[in-house]
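Subject: Structure handover

Hello,

I am passing on the structure below, followed by notes on what was found in it. Please read the notes with the structure open.

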Amino acid sequence: MNAVRPVDPRGATGDGAVPPKDPGRRDILVIRICLIIVIIGLVVSGVTAFPLREELMLGRDILNGTGLSATFPDLAFWVQRVAEGLEVIGDDYPFLAYGTDWLAFAHLAIAVAFVGPLIDPVRNVWVTIWGLIMCAGIVPLALIAGALRGLPIGWQLIDISFGVVAAVPLTVALVLTRRLQRSGAIAA
């Protein structure tokens, strides 16, 4: 004979077991975490593009002051070269830094675009797909423009890594969003 177990207001059954939660809610939570990671990465990248000159001079000073320049001479040379370039430009042609100001703003603007899927991942899945396309576009841009501008391959690989790293949470978000679409669940 099957006995009916009492259920308390918190959802636990009389034997202490808790019924499984709605898997769609868990998917939405993971999607939002993934998108917040991407948004934070974009904001940090954007904000740190404003004081580029000061950051490179600090990097140069750290490399030289800690002795890391002896361990990583190619890196130290490149950081020194970029810091010098930014210093000359900053002193003689400060208006050229306006380009990196726009770069910074673009990162912040792109971060705002991901607020849509953060609120409603299913309705705004196109933004997540667009983000993945942009991540893929970083690879040819870094390789082609980097080579044309004389950037070392290591620097180009660092730039490419931003797209690869961002693609991971965006892919997770896309897979879970597609699962939500198939289940007919609506973002809450």
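This is a predicted model: local features need pLDDT of at least 70, side-chain atom pairs count only at pLDDT 80 or more; totals for chains, interfaces and linings use all residues.

Residues are numbered from 1 along each chain as its sequence is written, and side-chain values use heavy atoms, with hydrogens and water left out.

Aromatic pairs

A pair of aromatic rings is described by the distance of the centres and the angle of the planes. Here, rings of Phe, Tyr and Trp (its six-membered ring) pair if their centres lie within 6.5 Å; planes under 30 degrees apart count as stacked, over 60 as edge-to-face and the rest as tilted. The structure has five such pairs. One of them is edge-to-face because the rings of Trp-78 and Trp-155 have centres 5.9 Å apart and planes at 65°. This pair links distant parts of the chain, with Trp-78 in helix α4 (residues 73–92) and Trp-155 in helix α8 (residues 153–183), 77 residues apart. Helices (H or I, at least four residues) and strands (E, at least two) are DSSP runs, numbered from the N terminus.

Trp-78 has 13% relative accessibility and counts as buried, whereas Trp-155, at 27%, counts as partly exposed. For these words, buried means under 20% relative accessible area, exposed over 50%, and partly exposed in between (1.4 Å probe, protein chains only).

Trp-102 and Phe-105 form another edge-to-face aromatic pair, at 5.6 Å centre to centre and 85° between the planes. Both residues lie in helix α5 (residues 98–113), three residues apart, which is about one turn of the helix. Trp-102 is partly exposed with a relative accessible area of 48%, and Phe-105 is partly exposed with 47%. Ring pairs also bring in Tyr-98, linking Tyr-98, Trp-102 and Phe-105 into a cluster.

The second largest pocket

On a 1 Å grid over the protein atoms alone, a cavity is a set of points where a 1.4 Å probe fits but cannot get out, and a pocket is an open set with protein on both sides within 12 Å along at least five of seven lines; lining residues have an atom within 4 Å of a point. Grid points are joined across faces, edges and corners, and a volume is the space filled by probe spheres set on the points.

The second largest pocket holds about 180 Å³ of space. Its lining includes Glu-55, Gly-59, Leu-75, Val-79 and Trp-155. Helices α2 (52–66) and α4 are the elements that give two or more residues to this lining, and α2 supplies the largest share, six residues. By type, the lining of the second largest pocket has seven nonpolar residues, one polar and one charged; Ala, Val, Leu, Ile, Met, Phe, Trp, Tyr, Cys and Pro count as nonpolar, Asp, Glu, Lys and Arg as charged, and the others, Gly among them, as polar.

Salt bridges

There are five salt bridges in the structure, each being a side-chain nitrogen of Lys or Arg within 4 Å of a carboxyl oxygen of Asp or Glu. Asp-27 and Arg-179 meet in one of them, at 2.8 Å from N to O. That pair links distant parts of the chain: Asp-27 is in helix α1 (residues 23–47) and Arg-179 in helix α8, 152 residues apart. Asp-27 is buried, with a relative accessible area of 6%, while Arg-179 is partly exposed at 40% relative accessibility.

Asp-120 and Arg-123 form another salt bridge, their closest N and O atoms being 3.7 Å apart. Asp-120 is buried at 16%, and Arg-123 is exposed at 66%. Elsewhere, salt bridges that share partners join Arg-60, Asp-61 and Glu-87 into one network.

Two single residues

Pro-152 sits in the loop between α7 (125–148) and α8 and is partly exposed at 33% relative accessibility. Pro-152 and Asp-74 are 78 residues apart in sequence and 9.3 Å apart in space, C-alpha to C-alpha.

Gly-131 lies in helix α7 and is buried, at 4% relative accessibility. Leaving aside neighbours within four places in sequence, Gly-131 is in contact (heavy atoms within 4.5 Å) with Phe-114 and Leu-170.

Regards
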